[in-house]
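Hello,

Here is the structure I promised to pass on. My notes on the cavities and on one strand follow below.

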Amino acid sequence: MVNTNLNRLSKPIYNSEFDACIEGDLNKVDIEFSRKRLIEEIADTVGEPFFPINAIKNSVKHDSSVFVLENESKTIAHIKSSLMITEHHNILEGQADGISFIICQYVSSCDFIYFPQYNFCSIKAHSDLKIASHNLKLYFKMLEKLKLQNSVSDYRSQLKGLIFSHHRPYHFFYDTAPIAEYLYTTDMLGKFPHYQVTSGSFLDIAALYQLSCKTIVTDFRTMNNPVDFGKNVLFKVGIVYAHFKEDYQNLFRDFDSRIVSNIYNVIDDYSIVNTIKELKNDDGFLLWFGISTDKRRLANQEELAVRLIKKLSKYYKVSVIVDGWTGITRQSFNNINKTDRDSLNLQADNEVFQRIKNSFSSVNFISLIGETSATKIAVSTLVDFHISSGATGSIWPARFGKKEGIFHNSQAFYKIQKNHIRDRGIDYPNSMVQDVVEKVKRVDYVSYNINENEFIEFIVNNYPNIFDNHFDYLRFNIERTRNLEVINLNKGEFSSLNNDPQFIIDIEKTETALNDSEYTLNLIGYLKLKDSGNHKCNIYLDYGEGFNAGQMVQAIMDSNSEFFEIDIKLEKPLKQLRFDPTSVKTNFVFKGLFYKIVNINNKD
């Protein structure tokens, strides 16, 4: 950037009222129409979800660090330099047709873009004008400290490498790592070395995809080589996850499938995984219990864990896997300062773990506190049930492990957990959660309490299969109902409004495991009618032609029974399933349908 521009910008940026110094509305900027239009085109391009694909693909094509604008003329924007201003903020400087810009990369490949000639900033993700001003201030100070100046010249900077790094495992696995899948399918992932800041190295992407390119794990200051400045560019890869977009869902599911299939390629230490495999083979019950002493802390987590473990121990030989703070890769661990925030959280989590463990003498406890992401993912595929925070803590057992379980969260943060990837499990009702009144810096830091008796009753009512030795069955997710009135959903109490109450399950959408062409489905239903006597339940199968009596099976229940079990032989992929619990108008308790595939293609 021209030095006079830096001097002019530094004055308002250093002002204490950061957000008042930068203009966030382009309509308020005095600028000619053609320049305004070009700024809009630059801002729109870097704000595209797959902007990193644009930049990496075109940098390869043009043998220079560039991206191409989404306009008719396909204007080339040149990235002149990069500079890490913190462990996880990367700043890019460049220009397009005489318009200079500064891009901040934190969660995504563009959290905001700033146009210094016009003092205009366009916010894209995880930022605001105050945050943008602060980061620009850091950037200019670092330029001054390192005595760097990116002069406007015709020099063609080269893309030196890709940064796959974030200091929070949530953002790493939701915003950083999944874009690797897209880059891999377009043959771009291995074109450049991969860089990770030590404290944000949660997974070696190159090792996962078995690429020959290097993964360089280092301190962010080491990345700022003055010799490289203005010549070689590091580009931070990231997109902001949008749960409602189908292309995002498909990309993330492909990435998740790859990581689970290849997780043993990136595990540093197999000892914990092997221990849990032995417990799995011992026919015990493996409970995953997540704890937190940082954000969104369940204040009475120790008491709740003890009560639940005692309950389960009446039925099984229980082993408890306690999850907490996530560690970085083994190759990075020795470089971490043991007095930093990670160490403090590890210590606090371990103290909780020990107090829970000390409450029992005959229960196996395994700690995942401080373990790597790879180890946690591998373990998550082995457990039987989980109790997890509905936010970061659920990534391992729900997203990657795809296990049944209960998600809990504060009322303040409850809605956010709906955005996360999870095929199985149910939310603990926020109406039964009590937030702790305390002064916190953000809403996602609010702690909360859950009544232990109510929590265990909720599990019994929604997962009765756990308490009758059918814990290896999966719970059908009810998509919609007809001719029913809900009396108490948490207890499964319903009233049929006529003689045709219906529960409908979208198999094709929610139960992809049942998309095989031939299999036998073992189905268990937990049902208790108010009226006594034997009765029949109807189960309708839709193979794509709708529900009809010709594709219906019946389950007969004795008067004293509260569940039924039936085998259904299916010969082609199932689209929907409908469960009609009764043919009379009555009140009843329905705690769910659970299934297990016991036979595929006539082979055990």
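Two strands count as paired if DSSP finds at least two bridges between them. Please keep in mind that this is a predicted model.

Start with strand β2, residues 76–84. β1, residues 66–68, runs antiparallel to β2, and three bridges join the two. In that pairing, Phe67 sits opposite Ala77 of β2. β2 also pairs with β3, residues 90–96. That pairing is antiparallel too, with six bridges. There, Leu83 faces Ile91 of β3. The link from β2 to β3 is a hairpin of five residues.

How much of β2 is buried? Seven of its nine residues are, so the strand is mostly covered, with buried meaning under 20% relative accessible area.

Now the cavities. The model has four of 30 Å³ or more.

β2 provides the largest share, with three residues. By class, the lining has seven nonpolar residues, five polar and two charged.

In short, β2 is the strand to look at when you open the file. β2 pairs with β1 and with β3, and β2 gives the largest share of the lining of the largest cavity.

Best wishes

Key
Residues are numbered from 1 along each chain as its sequence is written. This is a predicted model: local features need pLDDT of at least 70, side-chain atom pairs count only at pLDDT 80 or more; totals for chains, interfaces and linings use all residues. Side-chain values use heavy atoms; hydrogens and water are left out. On a 1 Å grid over the protein atoms alone, a cavity is a set of points where a 1.4 Å probe fits but cannot get out, and a pocket is an open set with protein on both sides within 12 Å along at least five of seven lines; lining residues have an atom within 4 Å of a point. Grid points are joined across faces, edges and corners, and a volume is the space filled by probe spheres set on the points. Helices (H or I, at least four residues) and strands (E, at least two) are DSSP runs, numbered from the N terminus. Ala, Val, Leu, Ile, Met, Phe, Trp, Tyr, Cys and Pro count as nonpolar, Asp, Glu, Lys and Arg as charged, and the others, Gly among them, as polar. Buried means under 20% relative accessible area, exposed over 50%, partly exposed in between (1.4 Å probe, protein chains only).
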